[in-house]
Amino acid sequence: MQSLEKTQTRSDGGVSMKSAMPWIFSAVMLVLMPFIFQSNSAITIMNQMAITIVFALSYNMLLGQGGMLSFGHAVYMGVGGFVCVHVMNWEIFGSIPLPLLPLLGGVFGMILASMVGYFSTRKAGTVFAMISLGVGELIAACSVIIVVFFGGEEGVSGDRTYGIPFFGVEFLSQIEVYYLTAGWLLISALLMYLFSRTPIGRMANAVRDNPERAEFLGYSSRWVRYNSFVAAGFFAGIAGGLFAINYEILTEENLNLTTSGSILLVTFLGGVGVFFGPVVGAIVFTLLQTVLSLETEIWSLYVGALFVATVMFFPSGLAGVMQLHIAPIKLGTWRLLVMPYIITLVPAIICILGLSGLIEVLFHARHAAIGETEMTLFWVTFQHTEILPWVVFAVMAVVGFWLARKNAPQMMDAWHRANKPDGADT
Amino acid sequence: MDLILVNLIDGLVTGLLLFMLSAGLTLIFSMMGVLNFAHASFYMLGAYFAYQISIYLGFWMGLLIAPPLVGIVGAAVERYGLRRVHQYGHVPELIFTFGLALLIEELVKFIWGNDQIPYQIPEILEGAAFSISSYDIPAYKVFMIFLSLGIFAGLLFVMTRTRVGMIIQAALSYPRTVEALGHNVPLVFMGVFGVGTALAGVAGVIAGPVLSTFPGMAFVLGSIVFVTIVIGGLGSLGGALVAALIIGWMTTFAKAYNIRMEDILTGVGFTKPEPTWDSAWADLWTLTSPQIADILPYLLMILILVFRPYGLFGKRDV
């Protein structure tokens, strides 16, 4: 993948204060988050976010670091989760502390990945994508047939509170589950980061960029891919275990293409070239999902459009766009960017709001119950039969587009200047 | 014997339908190296366009107009979307088409709603064409078979006997040389993408009324189409045909004959555990062939990939 950011090589191996800072900061943030957002729904969202982050990071071990596009990654998370739910239902569960359960999910995710990886990592790219899709669909379809393990249509449910208390904590409330999830998130994120720094993680990057050359250096690109694949399966299984603890139920939905596809979406949106990209993606996506699905019925249309736009215009994702701004900030030229950004991006946002307004009104006009013409959009209530809202939204869209388009060259120019040390004209 | 014949015809219909989709997909793949994830979405668009047209002009005009429309949409996608993403490499292209598949499904839901739409077969094709002993063969199935065979004959003729076909074949293997000879290769690519999606559109127009037209129809068929071209060998038209027919017949026969695992296992000499539902192997004992009909293609694909990674007729490694 040419678009991927080449990770810079670092010769020093030791742990410096500078490299540890982001981790310490994240740990402190994870501890403090429940004090900042105290409501129950916020903690539920944060749990969901943390699980998605682990899953997305594990997915990025394949896509970003190994160059393997998988359409069936949900399977490893799902199987890990199913195993954990089954363990919750066994008597043996009474002697296992709950926080260790995700490890078991990880091991089973890894076992499955080591079997599937045997034939699927032969090639990267399209062939790998196809095989992952086939295997994913196969296992998802098996879920209705192998009822003993997958529980058929209604899935398998368990109760996390039967485990022996862990230092007196019985995991009855959401907040206790949050700290468990956050702990695992931190551990697995750190492990995945360290994996990407090991020689095998480095070779995964090399094989991604140029498998032929890696082969000439004496590495089997297949085994390098296999190792990444198995490791990714392990962390996906951990995410599955966390899912099982948090929701206490797993169904066919955890295995199917929709889940696999949405994790691709999350990861790509965040950015595959940077290690923390999937973290950004998971946070933004979960928030988008929560906020948009409350506001509008057709939120997945917007998410789909956003995804396609990301692939077309920002293939390095949100984190990639963020990273582009490091240079201007370091050079001290970022001030040059502020005004051009405002005069271009504000009209662009107005244009998008206008378009989405038009879409919403149109959707309401077509699909609302007959006779129901009243609708509320952007905190304003109006009738979709009136002509005024249509005109307002259309004007917003057209004027916003025109202004953004007019100012875009100015922004590009400022961008080029900001990336020069002296901020000189191009 | 009669039942076998009926199932052969049913399997043929499914197989030809699959081939119509996989032919376009494999052509696009061998030419551009792009696996079009949204291919089945164009099939769905074909069905919806035809439905919309059939409301005003009737089924036959739908059959005539909808596929070219789908082809135009496909060509536009290639021109303004794929060509842009192409510079980033094959994996982003695949991700793009995946996103496109999501987007098309959402757009279809937005325009036509979440429910199944009443897209019907034309009155003239209702009823039976002929019957084999007591089984009626619907006229619509016969129509589907002949239409798809006709299209393939046309496709084969264009690809092997005309100048355009020659250029396409040349561009498949030596795009640079063809370009140096003065042909507009990007235009050829756009054309092939358009024709491939139009073929998917035709499949949608004729399959919509029998397989029901709803926003999930692309999803249902999408992955089977991929399985087909992987089994047949990526890039091989003949392989796609053979694989499509195999899958069509395999699933039809598995559904038609209720082969029970119980009989096989007792035949081999195992004893059935009693009570069955309490046993850990309960699922194995209660397994029947109609149950697993839908996963047979995937199993076949995995077997093929393990033992013959190039697919049945694939020549090159991709």
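**Exercise 1.** In which helix of chain B is the place of Ile206(B)? Decide also whether Ile206(B) is buried or exposed.

*Solution.* The model is predicted: local features need pLDDT of at least 70, side-chain atom pairs count only at pLDDT 80 or more, and totals for chains, interfaces and linings use all residues. Residues are numbered from 1 along each chain as its sequence is written, while chains are lettered from A and ligands numbered from 1 in the order in which they are written.

Step 1. Ile206(B) sits in helix H8 (residues 185–211) of chain B. Helices (H or I, at least four residues) and strands (E, at least two) are DSSP runs, numbered from the N terminus.

Step 2. Count neighbours. Ile206(B) has 27 C-beta neighbours inside 10 Å, so it is buried. The cut-offs: buried means 20 or more other C-beta atoms within 10 Å of the residue's own, exposed 12 or fewer, partly exposed in between, with C-beta atoms placed from the backbone.

Step 3. List the partners. Beyond neighbours within four places in sequence, Ile206(B) is in contact with Met144(B) and Leu147(B). Contact means that the C-beta atoms of two residues, placed from the backbone, lie within 7 Å.

**Exercise 2.** Describe the side of chain B that touches chain A.

*Solution.* Step 1. Take the totals: 41 residues of chain B are in contact with 40 residues of chain A.

Step 1. Assign them to elements. Helix H3 (59–85), helix H4 (90–112), H9, helix H12 (282–285), H13 and H14 of chain B each supply at least two residues of this side. H4(B) gives the largest share, 14 residues.

Step 2. Sort by type. The side divides into 30 nonpolar, 7 polar and 4 charged residues. Here Ala, Val, Leu, Ile, Met, Phe, Trp, Tyr, Cys and Pro count as nonpolar, Asp, Glu, Lys and Arg as charged, and the others, Gly among them, as polar.

**Exercise 3.** Which helices do the buried residues of H14(B) pack against?

*Solution.* Step 1. Define the helix. H14(B) covers residues 296–307, 12 residues in total. From first C-alpha to last, H14(B) reaches 16 Å, close to the 16 Å expected at 1.5 Å a residue. The expected span is 1.5 Å times one less than the number of residues.

Step 1. Pick out the buried residues: Leu296(B), Pro297(B), Tyr298(B), Met301(B), Ile304(B) and Leu305(B).

Step 2. Find the partners. From chain A come helix H4 (101–120) and helix H5 (125–145).
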